Amino acid sequence: MNTFHSTRLKLTAWYVIISIVITLLFSLVIYFGITTQLDGMSKFQELNKQNNIQINPSISSSMSPPPSLDPESAKNRIFLILLIVNGVVLCVSGGAGYVLAGRTLRPIIEMLEEQSRFITDASHELKTPLTAIRTEFEVAMLEKNMSKQQSEKLIKSSYEEIVNLQGLAENLLELTSQQKKRGNLKPKDVSLLEVTEAALGKVIPLAKQKHITINNLVDDYILQGEEQSLAELFVILLDNAIKYSPDNSEVKLNSKKTDRHIMITVSDNGIGIAQKDCLHIFDRFYRADKSRSKMAGYGLGLSIAKEIVESHKGSISVESEINHGTVFTIKLPLPSNS
Ligand code: ADP
């Protein structure tokens, strides 16, 4: 916050210096321009006086003679006016500069705060499994006569934690890579059917394990987007639908075209999400009631999904009922030429 304040003051100082230099230059030009004119005019008056010239006697007889020009007092007045103008510019540019500097820096500060929150969250998530591995090893090191069974148990649990850590690291990398794509996406024509089929190919083994049927009922619309990211989006939603659904259930993919969007829904008949959790499930590391789902996860999937949708200028929403199922709706803009 202190850095923010000192940077804001520095930026304000720069705004003030720039505006004051510009007005000073203008003032000098004006001052020297007018004083040269005044000197010229006073010399001309002097000359007139000396030669006693009457420019238009008929008019001058009916009019009082023009007031004689005092170049020194006129110069002083101009100097004073320019001084006041410069003072006003100094005060206004100081105030306006301070406000503008605050506005300029605000998004940068928000980005830095977001980054530091991200690092804190990620470190916290990494710390938990690492502490578990370390504790298990410390206990094992104190054990003098470790049985084969104990060492196998230790290796197995450590291996599981390492696999978790690897998954977490991959998810974190995916999230940052999707965040980088915001505003930098290079969209191409993408077939919705092809994208969903590619995603299906990746989740089919998991669905088979639970005897879950996946019905892909999407129409073959053409979207503008990045094929790999869109496929990743459907992998996340389908993977969740399978993870949080009972065995022998059904997961469906549907699509609909509206005036300006293509709407795609991913629906399941799974455990559902409580209304209070629906408000947060797109937040990083948020996991709804772990005891209900009993599923391994990091709470990053839906944050990645949201990043992908938003980098495609779309939106994602959820409707759910506990023990009845969940519907995720994605709205993606129609390509401009359709
Ligand atoms: P996770 O790795 O925990 O699945 P996600 O970000 O993908 O992380 O999901 C966040 C939370 O949202 C999950 O922990 C789960 O509680 C809930 N959730 C997501 N999809 C579903 C779904 N289809 N059915 C029920 N709950 C879901």
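Ligand and selected residues

User: How far is a backbone N or O atom of Tyr298 from an oxygen atom of the ligand?

Analyst: A backbone N or O atom of Tyr298 is 3.2 Å from a ligand oxygen atom, which falls within the limit for a polar contact (a pair of N or O atoms within 3.5 Å; inside the protein one atom must be able to donate a hydrogen and the other to accept it, and sequence neighbours count only if both atoms are side-chain atoms). Please keep in mind that this is a predicted model, in which local features need pLDDT of at least 70 and side-chain atom pairs count only at pLDDT 80 or more, while totals for chains, interfaces and linings use all residues. Residues are numbered from 1 along each chain as its sequence is written, and side-chain values use heavy atoms, with hydrogens and water left out.

User: Ok, and what about the backbone of Gly301 and the ligand?

Analyst: For Gly301, a backbone N or O atom lies 3.2 Å from an oxygen atom of the ligand, and for Ala288 the corresponding distance is 3.3 Å. Taken on its own, the ligand has 530 Å² of accessible area, and the protein covers 97% of it (Shrake-Rupley method, 1.4 Å probe).

User: Which elements give two or more residues to the shell around the ligand?

Analyst: Those elements are α6 (227-243), α9 (301-311) and β7 (325-333), and α6 contributes the largest share, 3 residues. Helices here are DSSP runs of H or I with at least four residues and strands are runs of E with at least two, numbered from the N terminus.

User: How many residues surround the ligand, and which are closest?

Analyst: There are 19 residues around the ligand, and the closest are Asn240, Tyr244, Asp268, Arg287 and Leu302; a residue counts as near if one of its heavy atoms lies within 4 Å. By class, the shell comprises 10 nonpolar, 6 polar and 3 charged residues, where Ala, Val, Leu, Ile, Met, Phe, Trp, Tyr, Cys and Pro are nonpolar, Asp, Glu, Lys and Arg are charged, and the others, Gly among them, are polar.

User: Switching to α9, is Ser303 buried or exposed?

Analyst: Ser303, which has its place in helix α9, counts as buried because its relative accessible area is 7%; buried means under 20%, exposed over 50%, and partly exposed in between, with a 1.4 Å probe and protein chains only. A polar atom of the Ser303 side chain is 3.5 Å from the backbone oxygen of Phe282.

User: And where is Ser267 found?

Analyst: Ser267 is in strand β5, residues 261-268, and is buried, since its relative accessible area is 16%. Its C-alpha atom is 5.7 Å from that of Val251, a residue 16 positions away along the chain.

User: What about phi of Asn248?

Analyst: Asn248 is not a glycine either, and its phi is positive, about 60 degrees. Asn248 belongs to the loop between α6 and β4 (250-257), and with a relative accessible area of 61% it is exposed.

User: Where is Gly183, and how far is its C-alpha atom from that of His5?

Analyst: Gly183 is in the loop between α4 (148-181) and β1 (188-191), and it counts as exposed at 75% relative accessibility.
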